Amino acid sequence: MTLLKRIGYYLGGFAIGLIILAFFFSGKKTSCAYFPEARVLKNINIKPHTLSAKALSDLVQHQLDTIAINHVLKKGDVNFGESQTRKEPCAIYTIEGETEKGQGLKITLENCEELVTITDVSTN
């Protein structure tokens, strides 16, 4: 078998494999969350959220809505220095980021087993 035929068979098999992978993974929300920050944000975003009374008053005071909070929870950075990740029964995380309008936002929340409670919202 010549080298040209080997390369042709290899590329043909590779192309068929890519088509099969595209078929299996299309329409699924597959993601690779390997780093700690990505795992924490993914864990927080799959759970239902509630707002404490203080967080509600902070939202009114800063004239924000839940869309701004959701944007920061998806695109923000977890500040592990201010977070208490080993606290039982609910870990406390501080997430910092910018809203869609460019306003700096700092969110403190309790990440429990079944529920995420946003306890504090402040602007930077």
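## Aromatic pair and disulfide

A search of the whole structure, which is a predicted model, turns up one aromatic pair. The pair is stacked because the ring centres of Tyr10 and Phe14 are 6.0 Å apart and their planes meet at 20 degrees, under the 30 degrees set for stacking. Tyr10 and Phe14 both belong to helix H1 (residues 3-25), where they sit four residues apart, about one turn of the helix.

Helix H1 also holds Phe24. Tyr10, Phe14 and Phe24 are among the residues that make a nonpolar surface patch of about 1,300 Å². Other members of this patch include Leu3, Ile7, Leu11 and Phe25.

The search of the whole structure also finds one disulfide. This link joins Cys90 and Cys112, with their sulfur atoms 1.9 Å apart. The link of Cys90 and Cys112 is right-handed, with 105 degrees about the S-S bond.

The table gives the accessibility of residues named above.

| Residue | Relative accessibility | Class |
|---|---|---|
| Tyr10 | 56% | exposed |
| Phe14 | 47% | partly exposed |
| Phe24 | 48% | partly exposed |
| Cys90 | 14% | buried |
| Cys112 | 18% | buried |

Cys90 counts as buried because its relative accessibility is 14%, and the limit for buried is under 20%. Tyr10 counts as exposed at 56%, since exposed means over 50%.

Note on methods:
Residues numbered from 1 in each chain as written. Predicted model: local features only at pLDDT ≥ 70, side-chain atom pairs only at ≥ 80, totals over all residues. Heavy atoms only, no water. Phe/Tyr/Trp six-rings, centres within 6.5 Å; stacked < 30°, edge-to-face > 60°. Helix = DSSP H or I, 4+ residues; strand = E, 2+ residues; numbered from the N terminus. Buried < 20%, exposed > 50% of the residue type's maximum accessible area, 1.4 Å probe, protein only. Patch = residues over 30% accessible without salt bridge, like charges linked within 9 Å, V, L, I, M, F, W, Y side chains within 5 Å. Areas by Shrake-Rupley, 256 points an atom, 1.4 Å probe, with all protein chains shown as cover. Salt bridge = Lys/Arg side-chain N within 4 Å of Asp/Glu carboxyl O. Disulfide = S-S within 2.5 Å.
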